[in-house]
Amino acid sequence: MALDTLMQQMVNGITLGGMYALIALGYTLVYGIMLMINFAHSEMFMAGAYVGLFTLTGLTNPKLVGSGTVAFLTKNGIGLVLLFTIVFLIAGVAIGLLGVIIERTAYRPLRNAPRLAPLISAIGVSIFLQNAVLLWVDSKALPFPQVFPIVNIKIFGNASISTLQIFILVSVVLILIVLDTFVSKTRIGKAMRATSQDRDAAGLMGVNINTVIALAFFIGPALGAVAGIFNGMYYGTVNWNMGFLPGIKSFTAAVIGGIGNLRGAMLGGFVLGIIESLAAGFLATGYKDVVAFVILILVLIFRPGGLLGESVVEKV
Amino acid sequence: MSMGKFKKYLSVVAVLAAVALVVTGCGASTTTTTGGGTSTGPVSVTIGIGAPITQGATALGLGMERGAKLAITDMNASAEAKAAGITFTSTTGDDQGDPKTGVNVANQFASNPNLVGVMGHLNSGVSIPASAVYSRANIVMISPASTNPALTLQGLKNVFRVCTIDSVQGPAAADRATGDLGKKAVFIVDDSTPYGTGLADEFGKEFTAKGGKVLGREKTGDKDTDFKALVTKIKATNPDLVYYGGVYNAGALLSKQLKDGGVKVPMMGGDGLYDGQYIKLAGAANAEGDFATSVGLPLAQLPAGEKFTTEFKAAYPNDEIAAYDAYSYDAATVIMKAVLVAAGKVTAAKVTSPEGRAAIISAVAATNYTGITGAIAFDAKGDTTNKAITLYVVKGGVWIPFVK
């Protein structure tokens with residue numbers, strides 16, 4: 001197999017992996033603090049894509065904002081940066097708040113219930129959100145307008161990287177660095193780590209548990225929303241059930257990396273994306289999920305805690 | 001909810017349930033009294049519409065519902081239905097383009113005592129398992145859209161379709177591709193459904209037979225969104241055409257990603273791609289020059305096409321006619337005409353009885369009727385005798401019939 005094809009598959013895989021990593025962070029953040037799998041997280045991804053889509057179409061609609069504004073926002077570099085900053089901010093904040101509301105209404109009342117209860121509640125929230133979009137928006141897939149200028153840049157032989165792939169990768173890496181610094185260096189990040197180690201003890205030491213949990217439920221969904229918009233821009237459509245498959249895949253990525261571990265989620269996302277691309281490229285497209293899940297099984301057999309997870313001794 | 005409120009709520013539910021019981025009870029008694037000969041009004045029977053409404057190829061599925069409902073409105077206003085003392089209603093079952101859900105819908109339909117026939121389903125993968133359920137209940141089923149040959153090869157007497165099959169469509173597409181379009185090397189992709197796989201197989205066989213070269217064959221999923229790795233693979237083989245056996249949802253994404261990835265050759269597919277939604281999802285610039293074959297002739301070339309278009313626009317001013325609106329109109333009309341014939345044999349009240357249902361099936365088999373989509377008659381397997389296939393191309397952001 002030609003080297004440039006391999007390079008191209010790596011580029012495809014890393015971009016896909018970046019999106020998985022963003023979603024996986026949402027699963028792992030919530031799990032680290034609540035010991036709960038937030039199955040509604042895939043809907044944060046979906047809802048984020050929709051909010052992003054509506055913000056983008058609103059801001060590029062001459063009837064709403066005037067044709068001068070649209071020309072400014074879409075025709076030059078500064079305008080585009082401004083446009084996408086607004087789109088990502090609005091979607092991130094809106095979905096972050098949605099996450100906080102969901103935590104407050106669907107999970108907090110069950111915080112001391114058996115662990116199965118919030119899980120079921122999460123599945124309920126997921127179904128609710130899917131059907132809300134299905135009923136109120138559309139059952140059909142909506143096209144995501146291609147406002148971002150896509151240019152393919154040759155990097156090696158026939159292999160090329162598009163401006164959109166660069167944009168996604170740079171944003172993902174920036175977000176990962178900021179989040180990692182936030183959790184490891186700031187006071188509130190320390191409170192988050194303390195809560196994840198022992199919620200009750202952290203509470204006794206004066207950490208406001210509710211704030212920490214709310215924060216996890218703000219950051220996770222906000223990152224999911226960002227991934228949702230990337231997904232819309234990259235593949236060109238949004239759909240009410242678009243969250244399901246990436247949700248499962250990213251959850252897998254979080255487990256591969258070691259669920260509860262932030263850097264693990266990032267690593268898991270990239271590993272899964274690259275494996276999928278290589279499997280699709282060098283075996284057959286039908287095998288990409290097979291290979292991805294075989295890797296998951298292997299990781300679980302040889303490193304049950306995940307690649308970067310600590311093997312936790314069962315508390316008696 | 002407080003206890004008092006809850007009780008109030010309960011009593012409302014109870015009243016509603018009672019009303020519902022009385023209403024359905026009335027319906028049943030009307031039927032029986034009419035059967036006894038004391039006519040108290042027309043008998044109401046139901047046509048089941050089985051189509052993807054919320055998931056899958058919903059643009060096509062919603063079109064099937066529109067077409068069938070329009071046919072029912074027209075038939076209820078017609079003199080022949082009034083003379084026979086029958087009014088038609090419809091019930092829609094959302095099969096979500098999913099075989100399992102389709103079988104659930106089929107079971108619901110089969111347990112409906114008022115049902116006289118099913119206009120559905122869209123996807124071959126749904127129609128095939130659903131047809132077995134209808135066969136057990138002796139209910140006639142006419143698909144306006146399922147093109148996989150296997151559907152009518154099961155030897156089921158109750159199964160018909162008004163669309164041309166893939167063993168006609170696939171080769172016709174390959175003939176046009178190698179002939180008029182002068183394509184020599186194709187990469188074939190399918191969506192792993194019976195429809196997509198079958199169509200892609202038929203296309204590939206004929207393409208090779210006509211001297212073309214198949215550079216590769218890949219299977220994807222019908223709900224896949226990421227084709228980037230596949231695109232890289234296709235690019236390396238350097239084809240002059242990509243053939244996709246599948247439906248527009250995933251197909252449009254493949255077309256877009258092919259063009260984004262620098263594979264600047266047209267994509268071609270079957271009737272599953274032939275919808276405006278394909279162009280919207282792929283982006284008009286990416287879809288430009290893509291091809292799709294579809295069953296039958298374009299509406300504009302059919303004698304009844306203009307009348308149908310006018311009527312459609314009056315009933316659904318906000319919708320465009322999709323690939324199967326007219327076929328569904330015809331499929332529903334064929335069922336209803338057969339019900340009227342059966343009513344003439346076993347009386348209107350007994351069309352839903354076992355003998356009535358058998359009479360409907362034999363009446364459908366004997367259909368000889370000119371509908372919107374042309375002359376409709378069925379061969380011994382239940383396939384339409386209308387074998388026309390049209391090649392369409394995306395030009396200026398719309399599908400138009402391809403002219404060399």
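How much area is buried between chain B and chain A, and what share of that area do carbon and sulfur atoms give? The model is predicted, with local features needing pLDDT of at least 70 and side-chain atom pairs counting only at pLDDT 80 or more, while totals for chains, interfaces and linings use all residues. Residues are numbered from 1 along each chain as its sequence is written, and side-chain values use heavy atoms, without hydrogens and water.

The area buried between chain B and chain A (accessible area, 1.4 Å probe, lost on putting the two together and summed over both) is about 2300 Å², and carbon and sulfur atoms give 50% of it. In chain B, the residues that lose the most area to chain A are B:D226, B:K228 and B:T232, together 20% of what that side buries. Contact (heavy atoms within 4.5 Å) joins 29 residues of chain B to 30 residues of chain A. On the side of chain B that touches chain A, the largest share, 7 residues, comes from α8(B), helices being DSSP runs of H or I with at least four residues and strands runs of E with at least two.

Just after α5(B), B:N138 takes a positive phi of about 60°.

Terms used. Chains lettered and ligands numbered in written order.
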